[in-house]
Structures are given as C-alpha cells and as structure tokens.
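Hi there,

Here is the structure I promised to pass on. Please have a look at it first, and then read my notes below.

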Amino acid sequence: MPLLALAMALFGATAVVVGPTGSARASLSASYQGEFLSYLAVDLVVGLIVATCARRASIVAVAGSLIVQLLVISGFSHGDNLTVNVVIALLATAAACMGGLLSRERREHALALRSQEVAEAVIAERLRIARELHDMVAHSIGIIAIQAGAASQVIRTRPTEAGEALRAIEVTSRETLSGLRRTLMALRQADPGAAASGNGAALAPSPGLADIDRLVAATADAGVRVDVRRGGEERALPADVDLSAFRIVQEALTNVVRHAGTERCRVLIDYGDEELSVEVVDDGRGATGNGADHGLGLGLGLGLVGMRERVALLYGDFSAGPRPEGGFRLTARLPLPEPAGVPVEAR
C-alpha cells in the first residue's frame, strides 16, 4: 500500500521537524542536514509510487509530498537557509521521480519485449503447424486423387486393378487420418503427463528418413517409380533435421506425382561431414516458357515456400529450378552435428 506508506512517512517526518526536539534543533541550525533529513524517506516512497502506481496517483503523491515539505521548510527555515533547503527539497524530489520513471520505463520495455517474443513464438508455431498439415495432407490427397482417377477409368474393364487402387486409397486415407489425429492430440495436449492416459497415437514418433521406403512405396502405387540412393556416413539425426528432410522429400514427390508427367524420379540423400544433402530430380515437363511451373516447381504457392522455410529455420541452403537437359531439380542442404555412425556406401 504505497499511498498509505507515503502518508505515514510524511506524518513521521513532519513530526520529527515540528516536535519539541526538532524545534530545539531548528533554533540552533535550520540546515537540511538536521531536521529536514527525515524527508529523504518520504522521497524514497515517492519514487516507489512513481515506479509502480498509476499516473494520477503518482501526480497526487508528488504534489502532496512537495506541498507538505515546502510548508514545513518555510515555517522552520529563515534567510539563506530557506532558499537552500527549498532547493534541496526540490532536487531530492526530482531525483526520486526520475528514478521512479526510469524504473517504470525499464519494466514496461521488458513487458513489451516479452509480449513481442510471445507473439513471435505463436506465429512461428502456427507456421510450423501449417507446414506440417500441408505436407501431410497434400501428399496423401495427391496420391488418393490419382488412384481414384485410375480406378474410375478401369473399374469396368479391369476390376482387379481398380480394386488395388481402391485398397491403396483406403491405406493412404487411414495413414493420413492417423497423422492428423496425432497432430490434433498434440495440439490439444494441456498436461504432458496426461499423454500416458490418452490415445496412444499421440505418442507415435514423428516421421523421418527411416520412413522413406514407405513413402517410396506409396509413390510407386501412384505410378511414379522412385530410385533412392544414399551416401556418406549414415547416423542418427536431430529430430528437426530428420523431420524436415522427410517432409522435403515428401512434398517433392507429391509434386512429381501430380505435375511432372513422368514415371520415375531420383532421390539422393548424402550424409556429409557437416551437412545433410537431399536432392530430388525428375525428367518431367520442367518449366514452360510462359512462366508456369511444372514438376517439382508447381508447388510455388505453398509447397516450395514451406520447404524453403524449413531449410531457412535450420540455417541451410535451398534451391529449386528446371534443368537445362529437361526436368526439374530440388536440392536442400541442412547443417549436421559432428558425424558419428557407420559408413554407408552409395547405392
């Protein structure tokens, strides 16, 4: 209760000055170092009020404190001592107010920075969720659309192939729903300990390069054969690098399936000493002369933007564009920690 503390400090300081002991001292020496020294405690309380209370309360506290001090000083000081003591009182109050204002501004600045950090964290998390959902859904929906189109064309003439396409649609749909369920469960998770009693799907690990074979099989079902080659010193990767590499390959294969117009593409994964290199190359349509992007490049709306953001967050390099000999090439280089693992020959 700073205002109550100020009232008590003013009362006590004034009692010291106007009381019998203070009057006796004033008759000998009316210097601020004697009877008026007690008002320094009042100034400290005034500084606290300026730093912590509302502006109106601060103005009232400063004005009230100054009025009381000036009245008491004028009643117990004479001659030159009056001017000196008034100046000292004004300077002491001004110093207390400046200290309080500086403390208030530093606190408000810290709150503004904290609010800005929270807002940036929220935006970054929303972008991360948007990338995850886009990469997860875009690939699956592209596979489903192609399989559904193939099934509709051969359902009367080749029912066996149509049945296989429908089964692929079912498997892909279930996997997508499972992934979405895990994502939603993670977003709704309020208590980390509650995961043990919740749905076990929420605890499933994020996909990584170890799941490339499953991704290749799904892409092959959609009519595009993927040749995967690995090189370098294969080792366990940080979770963010592993997930980003998988999502980049997934989005690249999605664009090949949907837009490249080719039956095969190549994926090269190289574990370097300092970086992980991921390259996806197709021999499809590439880019047309009118600026319309095809193949890996058609996803410039969201796909390539999301991949570029993933690489930028990991301080890597990303490039994508048509090849002079035809087709499209996408390359991502992600920094890696110190290598430790078993060498893997290129295959």
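In the protein chain, buried residues make up 39% of the 347 residues; buried here means under 20% relative accessible area, exposed means over 50%, and partly exposed lies in between, using a 1.4 Å probe and protein chains only. Please keep in mind that this is a predicted model, where local features need pLDDT of at least 70 and side-chain atom pairs count only at pLDDT 80 or more, while totals for chains, interfaces and linings use all residues. Residues are numbered from 1 along each chain as its sequence is written, and side-chain values use heavy atoms, with hydrogens and water left out.

The chain has 9 helices and 6 strands. These are DSSP runs numbered from the N terminus, with helices being H or I of at least four residues and strands E of at least two. Among contacts (heavy atoms within 4.5 Å) between residues at least 6 apart in sequence, 69% join residues at least 24 apart.

Now to the inside. The largest nonpolar core has 36 residues, and Leu209, Ile212, Leu253, Val267 and Leu276 touch the most other members. By nonpolar core I mean a set of buried Ala, Val, Leu, Ile, Met, Phe, Trp, Tyr and Cys residues joined through side-chain atoms within 4.5 Å. Several elements each supply at least two residues of this core, including helix 7 (212-221), helix 8 (239-260), strand 2 (264-271) and strand 3 (275-282). Helix 8 gives the largest share, 10 residues. Leaving aside residues up to four places away in sequence, Leu209 touches Arg230, Leu237, Asp242, Ala245, Phe246, Ile269, Tyr271 and Leu276. There is also a second, separate core of 16 residues, with Leu10, Val42, Val46 and Cys97 among them.

The axes of helix 7 and helix 8 come within 11 Å and cross at roughly 10°; axes are lines fitted to C-alpha atoms, for helices over the stretch in contact, and angles run from 0 to 180 degrees between N-to-C directions. Helix 7 brings Ile212, Arg214, Leu215 and Thr219 to the contact, and helix 8 brings Phe246, Val249, Gln250, Leu253 and Val257.

Ser244 is in helix 8 too. This serine is buried, with a relative accessible area of 7%, and touches Arg310, Leu314 and Leu334, not counting residues up to four places away in sequence.

Helix 1 (residues 2-18) and helix 4 (residues 55-76) have axes that come within 11 Å and cross at roughly 5°. They are therefore roughly parallel to each other as well. Among the residues making this contact are Leu3, Leu6 and Leu10 of helix 1 and Ala57, Ala61 and Gly64 of helix 4.

Finally, the strands. Strand 3 has 6 of its 8 residues buried, so it is largely enclosed by the rest of the structure. Strand 2 runs antiparallel to strand 3, joined to it by 7 bridges (strands pair if DSSP finds at least two bridges between them). A hairpin of 3 residues connects these two strands, and Arg266 stands opposite Val281 in strand 3. Strand 3 also runs antiparallel to strand 5, with 8 bridges between them; Val280 has Leu330 in strand 5 as its bridge partner.

Best wishes

Methods:
Angles under 35 degrees count as roughly parallel, over 145 as roughly antiparallel, 65 to 115 as roughly perpendicular and the rest as oblique.
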